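Colleague: I would like to go through this model with you. Please show it, and I will ask as we go.

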Amino acid sequence: GRGSDVAVTGSWDGVVRFWGVGAEEGKKKPTFECINSFEVEGYVNGLALDEEGRFVVCALGREHRLGRWDVLRKCKERLGVIKLSSSGAEKDDDEEEEEEEEEE
C-alpha cells in the first residue's frame, strides 16, 4: 500500500512475490529484495490490496490476460486471497476448502 516499503507482483509463472523496497546510501535508484513468495495455480492477471493492508486478492486465470497463446487447462478462472499480518503472509485456507468442495 501507499507509504509502505513492500511491493507485490504477480506474473505468468504463477508466483506472487513480495519485495522489500529500500535505498542504498548515495544511490538514487531503489533496491528490491524478494522477501516472500507464494505459488498459485494459474496466470496472475491482476492484484489488489485492501485499504488496511490485511490481504492481497489475486485474479487468476487459465490464459494470460494479453493473449491466448497458452492455456492452462487444469486451472480455473478465480480469485485467490493471501492474508497479510505483521508476522508475514499466508494463503487463505478457505479458498482451498471451497475448491475441494466444488470438485466433489
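Colleague: Which side chain does the side chain of Arg17 contact at 3.0 Å?

Modeller: This is a predicted model, where local features need pLDDT of at least 70, side-chain atom pairs count only at pLDDT 80 or more, and totals for chains, interfaces and linings use all residues. Residues are numbered from 1 along each chain as its sequence is written, and side-chain values use heavy atoms, with hydrogens and water left out. A polar contact is a pair of N or O atoms within 3.5 Å; within protein, one must be able to donate a hydrogen and the other to accept it, and residues adjacent in sequence count only if both atoms are side-chain atoms. At 3.0 Å, the side chain of Arg17 has such a contact with the side chain of Asp13.

Colleague: Where does Arg17 sit, and what is its relative accessible area?

Modeller: Arg17 belongs to strand 2; strands (E, at least two residues) and helices (H or I, at least four) are DSSP runs numbered from the N terminus. Its contacts (heavy atoms within 4.5 Å) include Ala7, Val8 and Cys34, leaving aside residues up to four places away in sequence. Buried means under 20% relative accessible area, exposed over 50%, and partly exposed in between (1.4 Å probe, protein chains only). Arg17 is therefore partly exposed, at 24%.

Colleague: How many bridges join strand 2 to strand 3?

Modeller: Two strands pair if DSSP finds at least two bridges between them. Strand 2 (residues 15–23) and strand 3 (residues 30–39) run antiparallel. Val21 has Phe32 as its bridge partner, and Ala23 stands opposite Pro30.

Colleague: Which residue in the hairpin turn has a positive phi?

Modeller: Strand 2 and strand 3 form the hairpin, with six residues between them. The phi in question is about 85°. The residue is Gly26.

Colleague: Which strands stand at the edges of the three-stranded sheet?

Modeller: The sheet is open, with order 1-2-3 and antiparallel pairing. Each edge strand has a single partner, so one side of each is left without a neighbour in the sheet. The edges are strand 1 (6–10) and strand 3.

Colleague: Which two residues form the aromatic pair, and what is its geometry?

Modeller: Rings of Phe, Tyr and Trp (its six-membered ring) pair if their centres lie within 6.5 Å; planes under 30 degrees apart count as stacked, over 60 as edge-to-face and the rest as tilted. A search of the whole structure gives one pair. The ring centres of Phe18 and Phe38 are 6.1 Å apart and their planes are at 80°, so the geometry is edge-to-face.

Colleague: Is Phe18 buried or exposed, and what about Phe38?

Modeller: Phe18 is in strand 2 and Phe38 in strand 3, so their pair ties together parts 20 residues apart in sequence. Relative accessibility is 6% for Phe18 and 11% for Phe38. Phe18 is buried, and Phe38 is buried.

Colleague: Which backbone nitrogen does the side chain of Asp50 reach?

Modeller: Asp50 lies in the loop between strand 4 (43–49) and strand 5 (55–61). At 15% relative accessibility, Asp50 counts as buried. At 3.0 Å, its side chain reaches the backbone nitrogen of Phe55.

Colleague: Over which residues is the pLDDT below 50?

Modeller: pLDDT is the predictor's confidence in each residue, from 0 to 100. The protein's mean is 78, with 71% of residues at 70 or more. Where pLDDT is low, the predicted coordinates should not be read in detail. The stretch below 50 is residues 93–104.
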